[in-house]
Amino acid sequence: MSSGAAVVADAVIPAPVELEPGEGALDLTTVTVVAPDAATARLAGELLAGAGATVAEDGTPVTLVADAAAGPEGSGNPERYTLTVAADGVTVAAPERLGLLHGVRTLRQLVNARRGETGGPVEAGAVVVRDEPRYPWRGLSLDVVRHWFGPADLRAVVDLVGSYKMNRLHLHLSDDQGWRLEIPSRPALTERSSQGAVSGASGGYLTADEYRELQEYAAEREIVIVPEIDVPGHVNAATHAYGELTPSGEATDTYDGIEVGFSRLHLDLPATEPFLRDVFTDVARMTLGPWVHFGGDEVLVMGAEEFGRFVVLCQEIITGAGKVPVAWQEAGGSAHGDQAAVAALADGAPGVPEPAADEGPVLVEPGTVLQYWDTRPDPAPFLRAAEAGARFVMSPADKAYLDMKYTPEHPLGQQWAAFVELRDSYDWDPATLIEGLPEAAVEGVSAAVWTETLVSRADLFSMLLPRLAAVAEIAWSRADAKDWESFRGRVAVEAAAWRRDGASYHPTPQIDW
């Protein structure tokens, strides 16, 4: 038996726990899918059809079965599965539906590896795969504010995320440039602030119905949409819609630049708390999944005490509405790491002091999820937050921010965090990212992509691929299963399907394409 990382030709990404190759290959030109329910059978058929198979009543059997004994020996992971490709057909066994879909996605990659770019045989080599993920949260954070990506693009991203067994799509829905989600109790947010975008590009927003339909599309694929409404900074779109959120009572002008840190809410204004309660209560009511993200990042022109009260209030509103709060790492008690930027933006106003290692209140409640992006601040506040029961999703900007340029010459993206080549996105361990943080506090991993320079689906996918596959392997595969040379080979095989399907990607010289 060999680890998945050692099997290059099969192109399984992320690397599975166990992969035992057999002899021969199974013809899957025509398949008959048998599943516990019609919806799962239909979706499995669609996944295999995407690899070239035809679904019919008299094809090679692909049988999906509930089986508590599936997966690696002794595993209790709810996402575990076993995929068996044998001479008489394919069996995917799993205790839950999401494991069945993971197994079908692995099968699809096996078929794609054989088929290649030019349309080789639709078949899979004989194999037994026993697999489970390392972390439960495996996601992508997508900014749809700086440039607008509508429902069709978002469904394509859901499919891409699912193809690498990722299960969270976090949507950054509000910022200085625009507001991207209909809020029934606050209609001016989309009436006045939905059409803005960077450099005067056209905007847009999700209606309540479109948001529900997107969530249902994702949920069928076992992917949870996590909405983010960013407060108390990044709020110019809100203050443009509702002037009562500013001290002067006057609405702010529209903004189509890319600077951050200049906008803020004011907790002492009478309109602020009702606004937050209306918005987060509506978002919670409209959201099918368990999480609502309240932002909290880069509030560069607000004192620490007021910021802390915002963190406490947002958690109270979200938990009161029946959801689990998520926030960027600053909510854990750590200020933004670029104190020079704080001083420059504040221009004499109170900044956000970095608390000393042994000082500062713990603002987060047990279960609140903190998304870690800035690796510069002292880890002490995060350790205190973990002791208080906070969970961490790792999104280090210098590894997992996929809008960073690959190289200085790359035409898209930014470079403020780092130049992030494919290997940079692959060579890191979530368990050791924050010194002293227990791995038990790590909920998972999320890539992120901000869209200041990305205006089309082709732009977006070229920044995601191939790096999203690397982050997916970080989130899914065991640390000892990761192997850069193996991954290089598997990505090269996987890319044939990208070319065949017309998906944009960056042909980094780190891969022998």
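How do α1 and α2 lie relative to each other? I looked this up before anything else.

**Entry: ground rules.** I am working from a predicted model, in which local features need pLDDT of at least 70, side-chain atom pairs count only at pLDDT 80 or more, and totals for chains, interfaces and linings use all residues. Residues are numbered from 1 along each chain as its sequence is written, and side-chain values use heavy atoms, with hydrogens and water left out. For the elements I use DSSP runs numbered from the N terminus: helices are H or I with at least four residues, and strands are E with at least two.

**Entry: α1 against α2.** I found that the axes of helix α1 (residues 38–49) and helix α2 (residues 97–115) come within 9 Å and cross at roughly 20 degrees. Axes here are lines fitted to C-alpha atoms, for helices over the stretch in contact, and angles run from 0 to 180 degrees between N-to-C directions. The two helices, α1 and α2, are therefore roughly parallel. For the wording, angles under 35 degrees count as roughly parallel, over 145 as roughly antiparallel, 65 to 115 as roughly perpendicular and the rest as oblique.

I then listed the residues that meet, taking contact as heavy atoms within 4.5 Å. On the α1 side they are Ala39, Thr40, Leu43, Ala44, Leu47 and Leu48, and on the α2 side Arg97, Leu101, Val104, Arg105, Leu107 and Arg108. By class, this contact has eight nonpolar, one polar and three charged residues. The classes are these: Ala, Val, Leu, Ile, Met, Phe, Trp, Tyr, Cys and Pro are nonpolar, Asp, Glu, Lys and Arg are charged, and the others, Gly among them, are polar. I noted the spacing rule too: an α-helix has 3.6 residues a turn, so residues three or four places apart point the same way.

**Entry: burial in α1.** I looked up which residues are buried (under 20% relative accessible area, with exposed over 50% and partly exposed in between, using a 1.4 Å probe and protein chains only). In α1 they are Thr40, Ala41, Leu43, Ala44, Gly45, Leu47 and Leu48. These buried residues pack against β2 (30–34), β3 (54–55), β4 (60–66), α2 and α5 (208–220).

**Entry: α2 against α15.** Next I turned to helix α15 (residues 484–501), whose axis comes within 8 Å of that of α2 and crosses it at roughly 80 degrees. This pair, α2 and α15, is therefore roughly perpendicular. From α2, Arg108, Gln109, Asn112, Ala113 and Arg115 meet Val493, Glu494, Ala497, Arg500 and Asp501 in α15. I read the classes of this contact as three nonpolar, two polar and five charged residues.

**Entry: His102.** Is His102 buried or exposed? His102 is found in helix α2, and at 3% relative accessibility His102 counts as buried. Leaving aside neighbours within four places in sequence, I found His102 in contact with Glu79, Tyr81, Arg138, Lys165 and Trp476.

**Entry: α3.** The buried residues of α3 are Asp153, Leu154, Ala156, Val157, Val158, Leu160, Val161 and Gly162. Their cover includes α2, β8 (137–143), β9 (168–172), α5, α13 (457–464) and α14 (467–476).

Entry: I found His234 in the loop between β10 and α6 (236–241), buried at a relative accessible area of 3%. Pro232 is found in the loop between β10 and α6, and the peptide bond from Val231 to Pro232 is cis, with omega near 0 degrees. Phi of His234 is near 55 degrees, a positive value in a residue other than glycine.

What does His234 touch, not counting residues up to four places away in sequence? I listed Arg146, Ser174, Asp175, Asp176, Val260, Ser263, Asp297 and Glu298. I also noted that His234 and Gly296 are 62 residues apart in sequence and 8.7 Å apart in space, C-alpha to C-alpha.

**Entry: Glu298.** Glu298 is found in the loop between β11 and α8. Glu298 has a positive phi of about 50 degrees although it is not a glycine, and at 13% relative accessibility Glu298 counts as buried.
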